[in-house]
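Colleague: Could we go through this model together? I would like to begin with the strand pairing.

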Amino acid sequence: MDQECSHKPRTMHPLRRWRTAKFPAAMPVFCALFGFSVVLNAAAASPAADNCSGVAVPAPAAQVHYSKLAFCDDFNSIDTIDTTGSGQAGFKWYTNRPYGLGIVASRYYSVSGSVLSVTDQERFQSNRALQTMDPVTGNGQTFRFGYFEARIRFNPRLGRGNPGWPAVWLTSANRVLNPNKVTYYAELDIFEACPNPNNPGTYNFNGTVHDWRPGQDSTPSKANEVSFYSNRNHLQMTPNIDWNTWHVVAVLWTPGRITWYLDGRPLMSQGYSGRSRPDPLPAAAPEAANHDPQDAFRILDSEGPKGLELILGSGPDWPLYVDWIRVWN
Ligand SMILES: [Ca+2]
């Protein structure tokens, strides 16, 4: 199921423990330069260019009455980013990262022409550059349910051999704030660029929900290892999509159901419930084989008091460009 995406390094990395949050062991997820800054600075001041106010509720959100714009960044200023890693309240994005990753240096992200660019440092760490919650202070915004949408683009040619990949995703705030205590948590990947092995240079749409649990192995070295379930239809072939042009990737998350969208078109959906098995059934990592999938993914809805934080990231020297990002609930 997952072998279509085989970008993942095969060797075990010393930082794997925290990386499992993004690089599931058995899920080789895998899966431009903006030259108008002067013009767009002016454009950004006009109401027509404001992608955070007066915006019509997108249809998938309207259908479930998620009509409140709970979060939005049009990236007209760097001021929404906590560039110093202060952790103070009032920012939309935080640069201090959890799991000992430290602060992402400012050269790995920028805002220009109403567009955010994010990469990762040369020694790849994670597809995690900016997040909506500071991992130390807990300040910032987190989410439970909603319609999450981001207008993005990236240059597929830069992905060759790259250890990372453009990613728009959410993970447990509880886990981030208490990494040594929380071993059962959820991750919801809105979009990950997954290379198409049959057509190098093209990227597929990878959207996944993870149910992370303590491993079954009781040996000390694996005591904290997590198992996971992932929906079986997480990878959607999008060979004709030119990722150099803008596309809107999105997820609608309602209690018991997640549906992924590309440019307003539903791609796939995952249902879950405590009363019946998830539909479709989850795929399991080998170490998760003994878990009963009946309750898989329910952790998503019952995640701690804060829910999930939203994260943007990519690989080294492989910018993910984000025009805007919104959350409706
Ligand atoms: Ca913008």
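Colleague: Which residue is the bridge partner of isoleucine 152 in strand 20?

Modeller: Valine 322 is the partner of isoleucine 152 in strand 20. Helices (H or I, at least four residues) and strands (E, at least two) are DSSP runs, numbered from the N terminus. Please note that this is a predicted model, in which local features need pLDDT of at least 70 and side-chain atom pairs count only at pLDDT 80 or more, while totals for chains, interfaces and linings use all residues. Residues are numbered from 1 along each chain as its sequence is written.

Colleague: How many bridges join strand 9 and strand 20, and in which sense do they pair?

Modeller: The two strands pair in the antiparallel sense, over 8 bridges. Two strands are said to pair if DSSP finds at least two bridges between them.

Colleague: What is the bridge partner of isoleucine 152 in strand 15?

Modeller: That partner is histidine 247. Strand 15, residues 247–254, runs antiparallel to strand 9 and is joined to it by 7 bridges.

Colleague: Is strand 9 mostly covered or uncovered?

Modeller: Mostly covered: 9 of the 9 residues in strand 9 (146–154) are buried. A residue is buried if 20 or more other C-beta atoms lie within 10 Å of its own, exposed if 12 or fewer, and partly exposed in between, with C-beta atoms placed from the backbone.

Colleague: Which residues lie on each side of strand 9?

Modeller: Gly146, Phe148, Ala150, Ile152 and Phe154 are on one side, and Tyr147, Glu149, Arg151 and Arg153 are on the other; all are buried. In a regular strand the side chains alternate between the two faces of the sheet.

Colleague: What else does strand 20 pair with, and how many bridges join it to strand 7?

Modeller: Strand 7 and strand 20 (residues 320–328) run antiparallel and are joined by 3 bridges. Serine 117 is opposite tyrosine 321 of strand 20.

Colleague: Which way do the residues of strand 7 point?

Modeller: In strand 7, residues 115–118, Val115 and Ser117 point one way, whereas Leu116 and Val118 point the other way, and all are buried.

Colleague: How many bridges join strand 7 to strand 6?

Modeller: There are 4 bridges between strand 7 and strand 6 (residues 109–112), and the strands run antiparallel. Valine 111 has leucine 116 as its bridge partner in strand 7.

Colleague: What is the phi of glycine 113 in that hairpin?

Modeller: Glycine 113 takes a positive phi near 60 degrees, and the hairpin has 2 residues between the strands. Serine 114, in the loop between strand 6 and strand 7, has a positive phi near 65 degrees although serine 114 is a residue other than glycine.

Colleague: Why does serine 114 count as buried?

Modeller: Serine 114 is buried because 22 other C-beta atoms lie within 10 Å.

Colleague: Changing topic, where is histidine 65, and is it buried or exposed?

Modeller: Histidine 65 lies in the loop between helix 3 (59–63) and strand 1 (69–73). Histidine 65 counts as exposed because it has 10 C-beta neighbours inside 10 Å. Its phi is positive, about 65 degrees, although histidine 65 is not a glycine.

Colleague: Which residues does the cis peptide bond join?

Modeller: The cis bond joins aspartate 279 and proline 280, with omega about 0 degrees. Proline 280 is in the loop between strand 17 (265–271) and strand 18 (282–284).

Colleague: Finally, how many helices and strands are there in the protein?

Modeller: The protein has 5 helices and 20 strands, and 48% of its 329 residues count as buried.
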